[in-house]
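This report goes through the fold, the surface and a few selected residues of the structure shown below.

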Amino acid sequence: MQNILYTVAVVLIILWFFGFLVFNVGSIIHILLLVAVIAILLRIIKGEEI
């Protein structure tokens, strides 16, 4: 479970960046970024390494 959150966060950040530069889809991309940031913050709060 530890690596799953980090993997999901990294994938969402990459998708956000790709979508922001190429497609500029709109608000859905920013929601993906928000989910990725929350997943990273949860790992930091729990005291796990990123």
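Is Ile14 buried or exposed? Ile14 is exposed, since its relative accessible area is 54%, above the 50% cut-off that the term exposed requires.

## Overall architecture

The model is predicted, and the secondary structure of its protein chain consists of two helices and zero strands. Helix 1 spans residues 2-23 and contains Ile14, while helix 2 covers residues 27-46 and includes Ile44.

Of the 50 residues in the protein chain, 16% are buried. The chain has an accessible surface of about 3,900 Å², and carbon and sulfur atoms account for 75% of that area.

Val11 is partly exposed because its relative accessibility of 41% falls between the 20% and 50% limits.

Both residues can be related to Leu33 through C-alpha distances. For Val11 and Leu33, which stand 22 residues apart along the chain, the C-alpha separation is 9.8 Å.

## A nonpolar surface patch

Four residues, Val37, Leu41, Ile44 and Ile45, make up a nonpolar patch on the surface, and together they contribute about 370 Å² of accessible area. Ile44, a member of this patch, sits in helix 2 and counts as partly exposed, with a relative accessibility of 44%.

Technical notes. Residues are numbered from 1 along each chain as its sequence is written. This is a predicted model: local features need pLDDT of at least 70, side-chain atom pairs count only at pLDDT 80 or more; totals for chains, interfaces and linings use all residues. Side-chain values use heavy atoms; hydrogens and water are left out. Helices (H or I, at least four residues) and strands (E, at least two) are DSSP runs, numbered from the N terminus. Buried means under 20% relative accessible area, exposed over 50%, partly exposed in between (1.4 Å probe, protein chains only). Accessible areas come from the Shrake-Rupley method with a 1.4 Å probe; for residues, only the protein chains shown count as cover. Patches are made of residues with over 30% relative accessible area and no salt bridge: like charges are joined within 9 Å, nonpolar side chains (Val, Leu, Ile, Met, Phe, Trp, Tyr) within 5 Å. A salt bridge is a side-chain nitrogen of Lys or Arg within 4 Å of a carboxyl oxygen of Asp or Glu.
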